Amino acid sequence: MAADIVIGVQNWPSAAATSNIIKTVIEENLGLEVELQNGTNPVIFEAMDKGAIDIIAEVWMPNQQNLYDTYVDGKGTVELNANSVPASQGLCAPSYVATEMGVTSVQDLTDPDKAALFDTDGDGKGNLWVGNPGDASGNVEKIKAKSYGYDQTMTTDVYDEAVAYANLDAAIKANKAWVGFCYAPHYIFAVHDLIMLEEPAYDAANWTVVQPTDDPDWLAKSSVSSAWPTAQVHVGFRKALETENPEVAAMLRNITFTADEVSAMTQAVVIDKQDPETYAKDWVAAHQDAIVGWFTN
């Protein structure tokens, strides 16, 4: 028989942890069967629209603005809870990249000599990790590379976060240059001395983003030449849960995590190598007072 609730799980550590926490909370308190299904943001949103997936643990805004416009504001088939976690994002590097190598801003990446410091594949251009496959933020970073001009000196690489931050660890141990996309809350800021590369403050007038899911000519039609705005991370869910499983919908509207909790989740899953399902069960056992509030507020 099909599961009562299906949660779409994105491919980064905190999403795995929060998805399993939500799964455990629903199973232990409501007695429903919950299934986890991996997917990218566009796939999960489309599946929620069609009724195949019910919940998405982390919706980053404004990263997912195009999906919000389509499914939340447009079709009205998806809802985001109001209790968001504030987050920041941008390009980061080990602090010695600034003090010893003179790279402090995104504009420094347009300098061929400085960009060459980040060359890891021997082609003469620097390598810049911009995100996981399917990440909207990675597409924005590709747009930034074009808009600032360092697409001529840097290659924007897309691969799994676990590999990217393992490469960061290796670079730090060897005192070599590394630059890539970073977001907080995240454990890496607790275990490494990192700096965010400087760029002009966020300006909506300099922020035109078209995603590839909306237009095949997205990169040419986009331009971003300022920093990210402060992001908000929400739990999202299929609007029809309101009538199909009202207790689930009510809990999802009340669910809340702190930035410190999310950072601790990533550290537990990545650094401490805890299984996300086991971690979730322990987390739920230790946060019963908060969880009671999710069902009663």
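Predicted model: local features only at pLDDT ≥ 70, side-chain atom pairs only at ≥ 80, totals over all residues.
Visitor: Let's start in the middle of the sequence. What makes strand E3 largely enclosed by the rest of the structure?

Guide: Count its buried residues. E3 covers residues 55–61, and seven of the seven are buried, so the strand is largely enclosed by the rest of the structure.

Visitor: Take Ile 55 then. Why is Ile 55 called buried?

Guide: Ile 55 lies in strand E3. Its relative accessible area is 0%, and the cut-off for buried is under 20%, so Ile 55 counts as buried.

Visitor: How do you know that E3 pairs with strand E1, and in which sense?

Guide: Pairing takes at least two bridges between the strands. E1 (residues 5–9) and E3 have two bridges, so by that rule they pair, and the sense is parallel.

Visitor: What covers the buried residues of helix H10?

Guide: The cover includes E1, H1, E3, E12, helix H9 (241–244) and helix H13 (288–296). The buried residues in question are Val 248, Ala 249, Met 251, Leu 252 and Asn 254.

Visitor: Asn 41 is a polar side chain in a helix. Is Asn 41 buried or exposed, and how do you know?

Guide: Asn 41 is found in helix H2 (residues 41–50). The relative accessible area is 4%, to be set against under 20% for buried, so Asn 41 is buried. Beyond its neighbours within four places in sequence, Asn 41 is in contact with Gln 10, Trp 12, Ile 56, Glu 58, Gln 64 and Leu 67.

Visitor: Now a charged one. Why does Glu 199 count as buried?

Guide: Its relative accessibility is 19%. The limit is under 20%, so Glu 199 counts as buried. You'll find Glu 199 in the loop between strand E9 (194–196) and strand E10 (207–208).

Visitor: What makes the approach of Glu 199 to Lys 144 a polar contact?

Guide: The distance between the two side chains is 3.1 Å, and the cut-off is within 3.5 Å. The side chain of Glu 199 also makes a polar contact with that of Tyr 148, at 2.7 Å. Leaving aside neighbours within four places in sequence, the residues in contact with Glu 199 are Val 106, Lys 144, Tyr 148, Ser 226 and Ala 227.

Visitor: Which residues have a positive phi although they are not glycine?

Guide: Asn 175 is one, with a phi of about 55 degrees. Lys 273 is another, at about 60 degrees.

Visitor: Why is Asn 175 called partly exposed, while Lys 273 is called exposed?

Guide: Asn 175 has 37% relative accessibility, which falls between under 20% and over 50%, so it counts as partly exposed. Lys 273 has a relative accessible area of 65%, and exposed means over 50%, so Lys 273 is exposed. Asn 175 is found in the loop between H7 and E8, and Lys 273 in the loop between H11 and helix H12 (276–286).

Visitor: Last stop, the largest pocket. How much space lies in it, and which residues are closest to its centre?

Guide: About 290 Å³. Of 16 lining residues, the closest to the centre are Pro 13, Glu 161, Ala 162, Tyr 187 and Val 270. Helices H1 (13–30), H7 (161–173) and H11 (259–271) are the elements giving two or more residues to the lining. H7 gives the most, with five. By class, the lining has ten nonpolar, two polar and four charged residues.

Note on methods:
Residues numbered from 1 in each chain as written. Heavy atoms only, no water. Buried < 20%, exposed > 50% of the residue type's maximum accessible area, 1.4 Å probe, protein only. Helix = DSSP H or I, 4+ residues; strand = E, 2+ residues; numbered from the N terminus. 1 Å grid on protein atoms, 1.4 Å probe; cavity = no way out; pocket = protein on both sides within 12 Å on 5 of 7 lines; lining within 4 Å. Points joined across faces, edges and corners; volume = space filled by probe spheres on them. Nonpolar A, V, L, I, M, F, W, Y, C, P; charged D, E, K, R; others polar. Polar contact = N/O pair within 3.5 Å; in protein donor to acceptor, adjacent residues only side chain to side chain. Contact = heavy atoms within 4.5 Å.
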